[in-house]
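Me: Could you walk me through this one? I would like the overall layout and then some detail.

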Amino acid sequence: MKIRAADKSELMEISKIEVKGDDLVLKGKVYGAMPMTAIVTPEEARKFGKMLTPKLMWFLLTMPFRKGAK
């Protein structure tokens, strides 16, 4: 999975997601070269949950089925 900036440049490519204890661990490369491990803690996940609206939840659920840019 790739995360891109507004100008479509690649920021991070996530190659693996795993669970360590209570944390979510994302492994990948930043800017296509530098290895990086990012950790999402339960506290940060709760902050994300507070940002979700019903419209955003629906979008996230249907996102995998959208066509996307060609």
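**Layout and strand pairing**

Reply: This is a predicted model, and the secondary structure of the protein consists of two helices and four strands.

Me: In what order do the elements run from the N terminus?

Reply: Starting at the N terminus, the order is β-β-β-β-α-α.

Me: OK, and how do β3 and β4 run, and how many bridges join them?

Reply: Strand β3, covering residues 23–30, and strand β4, covering residues 34–40, run antiparallel and are joined by seven bridges.

Me: Which residue is the bridge partner of Val-25?

Reply: Val-25 has Ile-39, in β4, as its bridge partner.

Me: What about the hairpin, which residue there takes a positive phi?

Reply: That is Tyr-31, with a phi near 55°, in the hairpin of β3 and β4, where three residues lie between the strands.

Me: Switching to overall dimensions, what radius of gyration does the protein have?

Reply: The protein has a radius of gyration of 14 Å, whereas a compact globule of 70 residues would have one near 11 Å, and the C-alpha trace spans about 35 × 35 × 20 Å along its principal axes.

Me: How much of it is buried?

Reply: Of the 70 residues, 13% count as buried, and among the contacts with a separation of 6 or more, 2% are between residues 24 or more positions apart.

Me: And the surface and charges?

Reply: The accessible surface comes to about 6,100 Å², with 64% of that belonging to carbon and sulfur atoms; as for charges, there are 14 positive and 8 negative side chains, and the centres of the two sets lie 9 Å apart.

Note on methods
Residues are numbered from 1 along each chain as its sequence is written. This is a predicted model: local features need pLDDT of at least 70, side-chain atom pairs count only at pLDDT 80 or more; totals for chains, interfaces and linings use all residues. Side-chain values use heavy atoms; hydrogens and water are left out. The radius of gyration is taken over C-alpha atoms; the globule rule is 2.2 Å times the number of residues to the power 0.38. Buried means under 20% relative accessible area, exposed over 50%, partly exposed in between (1.4 Å probe, protein chains only). Contact means heavy atoms within 4.5 Å. Accessible areas come from the Shrake-Rupley method with a 1.4 Å probe; for residues, only the protein chains shown count as cover. Lys and Arg count as positive and Asp and Glu as negative; His and the chain ends are not counted. The place of a charge is taken as NZ of Lys, CZ of Arg, CG of Asp or CD of Glu. Two strands pair if DSSP finds at least two bridges between them.
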